[in-house]
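Visitor: I would like to learn how to read a model like this one. Can we go feature by feature?

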Amino acid sequence: RLTVLNRDVLSVLPADLAGPPTAVVANLPYNIAVPALLHLLAEFPSIRTVTVMVQAEVAERLAAEPGGKDYGVPSVKVRFFGEVRRCGTVPPTVFWPVPRVDSGLVRIDRYETAPWPTDAGFRRAVFDLIDIAFGQRRKTLRNVFADRFGSGDEAAIRLRAAGIDPARRGETLSIADFVRLLRCSGTGQPGRAG
């Protein structure tokens with residue numbers, strides 16, 4: 001009952017598989033670990049759990065909490081789909097030849113009931129806000145979203161409507177904050193002020 005699919009993980013679609021998968025257990029290629037995870041979670045809503053080995057630094061980024069030094073775009077985007085936790089470290093000595101990097105295990109449990117819409121359009125719109133917020137990490141959210149919402153003043157109005165202080169920075173926001181901002185921005189379309 002084993003099917004081997006010799007394909008690029010970034011191109012695998014539901015039609016390529018005999019049935020809907022419920023779990024992913026993998027040693028992901030370290031150079032594409034995050035895009036691979038996001039692709040699989042987006043394309044296969046049937047996946048309930050993911051346990052993957054990735055480069056240690058990537059594991060730290062994926063499991064990082066808002067406000068931490070490792071918290072960034074991957075940390076937020078993967079939380080769109082579920083709860084994330086670091087669940088182990090794999091030393092280089094278990095491999096042959098011994099690599100020059102440490103590895104980490106990460107587990108993702110998809111939300112039993114998604115707290116927000118999960119359709120592709122909504123996801124793209126939320127991810128667009130995340131990309132904007134982290135595109136200029138040093139700037140306040142008021143300034144970062146000025147272009148998106150037409151002005152700094154309008155950005156501040158929308159941020160306050162979402163319960164977010166306009167003086168905060170992107171790395172302090174949770175995925176729920178980004179979803180609230182999208183809902184308060186009056187648009188579900190990426191790249192438009194609404």
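Guide: Start with a loop. P97 is found in the loop between β3 and β4. Strands here are DSSP runs of E, at least two residues, and helices are runs of H or I, at least four, numbered from the N terminus. This is a predicted model: local features need pLDDT of at least 70, side-chain atom pairs count only at pLDDT 80 or more, and totals for chains, interfaces and linings use all residues. Residues are numbered from 1 along each chain as its sequence is written, and side-chain values use heavy atoms, with hydrogens and water left out.

Visitor: Which peptide bond is cis?

Guide: The one from W96 to P97, with omega near -5°.

Visitor: In what order do the strands form the sheet?

Guide: Two strands pair if DSSP finds at least two bridges between them. Here the order is β1-β2-β4-β3, an open sheet of four strands with mixed pairing. β1 and β3 (82-90) are the edges; each has a single partner strand, so one side of each lacks a neighbour in the sheet. From one strand to the next, the twist averages 20°.

Visitor: How many bridges join β1 to β2?

Guide: Five, and β1 runs parallel to β2 (residues 49-55). N27 stands opposite M53 in β2.

Visitor: Which strands does α1 lie across?

Guide: Contact means heavy atoms within 4.5 Å. Axes are lines fitted to C-alpha atoms, for helices over the stretch in contact, and angles run from 0 to 180 degrees between N-to-C directions. Helix α1 (residues 33-43) lies across β1, β2 and β4 (103-110), at about 170° to β2.

Visitor: At what angle do α4 and α8 pack?

Guide: Under 35 degrees counts as roughly parallel, over 145 as roughly antiparallel, 65 to 115 as roughly perpendicular, the rest as oblique. α4 (residues 120-135) and α8 (residues 175-184) pack at about 110°, axes 9 Å apart. They are therefore roughly perpendicular. Contact residues include F122 and L129 of α4, and F178 and L182 of α8.

Visitor: What is the volume of the largest pocket?

Guide: On a 1 Å grid over the protein atoms alone, a pocket is an open set of points where a 1.4 Å probe fits, with protein on both sides within 12 Å along at least five of seven lines; lining residues have an atom within 4 Å of a point. Points join across faces, edges and corners, and volume is the space filled by probe spheres set on them. The largest pocket has about 290 Å³. Its lining has 15 residues, with V9, V24, V25, A26 and L40 nearest the centre. Strand β1 (residues 23-27) gives the most, five residues.
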